Amino acid sequence: MTLYTSDIRPNMKKGALIFAGISVFSLIFYLIYDRFSHNVRSPYMTWLFLWTLILGVLPCLILLVLNKLPRPGRITINLYCSGVAALTVSSLLRGIFEIAGTASPLQKGLFIAGLSMTALGVLSYMLQPFVTASPSHCRKDHQAPYQGDISGSYPPQDRQGLL
């Protein structure tokens, strides 16, 4: 059995379940944190779960339901998911800082990095049909170059008449 790169596709159902689990965890985290925050609240902490719910679960469900849409590649998934994670952590930190009555410039940088990675992930997905071609190493009819000769000639040739 031979696997080709085009056969490896991300599992959107698994992605939706992971993002939903993170959303539930974020909601539970907020409820516990709110219980001990002495009635000091922050909208960044209150709506923390929405980052993964809207930016995580929703796109996975759309790709799961609409089978005709192309599946995202590995770079697209890594960029997009890292961006959603950075936005979620940034919102969590901003909520904690607001409740504590302080601020940090690093949180703003994390937010900008999260937006950038998410936008690059979306851009990568939109450009995927134009960039993705069928590379020669993914086609079944492709033959690898001859590896037995250091000169790389194909087919092997009689260099000194000894072959």
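Let me begin at the N-terminal end of helix H1, which is capped by Asn-11, whose side-chain oxygen lies 3.2 Å from the backbone nitrogen of Lys-13. This is a predicted model, in which local features need pLDDT of at least 70 and side-chain atom pairs count only at pLDDT 80 or more, while totals for chains, interfaces and linings use all residues. Residues are numbered from 1 along each chain as its sequence is written, and side-chain values use heavy atoms, with hydrogens and water left out.

Helix H1 covers residues 12-35, helices here being DSSP runs of H or I with at least four residues, numbered from the N terminus. Its 24 residues, at 1.5 Å a residue, should span 34 Å, and the end C-alpha atoms are 35 Å apart, which agrees; the expected span is 1.5 Å times one less than the number of residues. Among the buried residues of H1 are Phe-19, Tyr-30 and Asp-34, where buried means under 20% relative accessible area, exposed over 50%, and partly exposed in between, with a 1.4 Å probe and protein chains only. The cover over the buried residues of H1 includes helix H2 (43-46), H3 and H4.

Turning to H3, which runs over residues 49-65, we find Val-65 within that helix, and Val-65 is exposed, with a relative accessible area of 63%. Leu-69, by contrast, sits in the loop between H3 and helix H4 (74-100), and is partly exposed at 32%. Leaving aside neighbours within four places in sequence, Leu-69 is in contact with Ile-62, Leu-63 and Tyr-125, contact meaning heavy atoms within 4.5 Å.

Definitions and conventions: Helices (H or I, at least four residues) and strands (E, at least two) are DSSP runs, numbered from the N terminus. A polar contact is a pair of N or O atoms within 3.5 Å; within protein, one must be able to donate a hydrogen and the other to accept it, and residues adjacent in sequence count only if both atoms are side-chain atoms.
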